[in-house]
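Hi everyone, thanks for coming.

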Amino acid sequence: MKTLEDVKQYFFNIIEDPDYIVLEPKKNIKNLLILDPGLFHIATCRSGISKIDGENGRLYYRGISIEKLVDNQDFIDVAFYIIGENISDAQSKDKFNANVRKYFCLSPELKAVLDSIPAGIHPMSFAAIGITTLSSVESKYLENQDDLKEKAKFIIAQMAVIAAYYYLKLHNKEWIKEDADQSIAYNFLNQLFHDQIKYDLPVMSKIFNKVLILHAEHDQNCSTATVRAIASAGGDIYSAVAAGIAAFKGNLHGGASQNVAEMYEEFLLHNLDVNDYVNEKLKNKQRLMGFGHRIYSCWDPRAKIMLNMLNANEFKDPMVDAYKSIALKLIARVGSDEFFIKRGIYPNPDLLNCIFYKLLGVPSSMNTVMLAVSRVAGWVAHYIEHVNDKLPIMRPCQLQK
Ligand code: ACO
């Protein structure tokens, strides 16, 4: 068997698609395996939630470009849209948003569990415990516990609650009364920083809202695929999101934001030289955090938007300037280095999102949980789509060593 025709005839159906050559294995072929450990060429589902154009650096949530969404939407309205609702249905959108804001509260049951967690735990592990606990709390809050979209709203709000409560515990602060008339971004920052007189809450909430939207969804990445794997096995949505959190924590994935922040801190503390730093990384065959992406072979649009936000320089914060200056030097070095050019390596969002978290005032250990407050919108949307599409249990194969 030597030609594509042979392969087609014996092993695969070819599926029509505008973007890809799609091969679907014919059923019941004995002993046919595709060896692809990184799943570079495997699609496990069809999805309408988001679309990435990796060659041109474009990202769309249900057909709308993120450039359009980031400027004039509330994060929860975007979550509503990602979940599959009609964004121009103002009445349903407002109801959804009001529901999520109502769910932004700390129940005594969740508080008791979170208070029992020993200090020193990583915020992402704290979040996974919190989200898993919600399955035993929902009966007190949800009118219809069979409605996945209601659970999704509850989880989106509670992810923000859990992340905020992590910060409060770390700083020996108490949960304060929420304001259901305010956005999630505002309520979150108000919990953390209401007692800091100089903190400009409305301005910071606007910035945080944009960062939330930019990271809300990103098709089949490692954590989303993990959420879908749990959904495929019939696992509940809380367990699926907790598993997504565990995957996201990894430093090649959402964990990179914390690593990049620590890198900036190291640069400033020891007055490091960017070229020496990158040379050392390459010499030791280590990865430069905040660069590279499986799908984009150009600038990631989210990183581009964040760089534009930083360049607009509305913040007048010297720390932001110091971080940005290192980021720009790294970008210049990577952009002119044969090693990175040959491999198509560009900045990814983690190079820059950590600068915004620094600006907001959260510690770098919390960067990944801040990203999870966004990404939970995508996770719940994918869980719901997977369940509704009734896809089979994910069961990869292995070859013998
Ligand atoms: N620094 C140095 N080399 C890199 C980097 C990097 N950041 N990224 C990729 N490479 C190199 C690899 O060493 C490899 O080189 P080789 O061909 O000589 O072996 C080549 O580029 C291809 O790398 P892969 O690992 O095959 O690429 P993959 O698509 O699997 O990896 C990933 C993507 C994991 C994001 C990678 O670029 C990376 O590790 N980046 C650093 C961590 C990071 O910033 N992660 C955040 C990603 S965005 C997010 O999840 C929110």
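Let's begin with the area buried between domain 1 and domain 3, which is about 660 Å² in this predicted model. Carbon and sulfur atoms give 63% of that area. Which elements of domain 1 supply the side that touches domain 3? Both β3 (50-53) and β4 (58-61) do, each with at least two residues. Sorted by class, this side of domain 1 has four nonpolar, four polar and three charged residues.

What about polar links here? There are two residue pairs in polar contact between domain 1 and domain 3, both at pLDDT 80 or more. As for salt bridges, the count across this interface is zero.

Now let me step back to the chain. The domain assignment puts domain 1 at 4-59, domain 2 at 66-250 + 375-389, and domain 3 at 256-360. Between domain 1 and domain 3, 11 residues from domain 1 and eight residues from domain 3 make the contact. The C-alpha centres of these two domains are 33 Å apart.

On to the ligand, then. How many residues are around it? The answer is 18, and the ones that come nearest are R287, L288, G290, F291 and N348. N348 also has a side-chain N or O atom 2.8 Å from an oxygen atom of the ligand. R294 places a polar side-chain atom 2.9 Å from a ligand oxygen. With L252 the backbone takes part: one of its polar backbone atoms is 2.9 Å from a nitrogen atom of the ligand.

That's my tour, and I'm happy to take questions!

How values were computed:
Residues numbered from 1 in each chain as written. Predicted model: local features only at pLDDT ≥ 70, side-chain atom pairs only at ≥ 80, totals over all residues. Heavy atoms only, no water. Domains from an automatic or database assignment. Contact = heavy atoms within 4.5 Å. Buried area = accessible area lost by both parts, 1.4 Å probe. Salt bridge = Lys/Arg side-chain N within 4 Å of Asp/Glu carboxyl O. Polar contact = N/O pair within 3.5 Å; in protein donor to acceptor, adjacent residues only side chain to side chain. Helix = DSSP H or I, 4+ residues; strand = E, 2+ residues; numbered from the N terminus. Nonpolar A, V, L, I, M, F, W, Y, C, P; charged D, E, K, R; others polar. Near = heavy atom within 4 Å.
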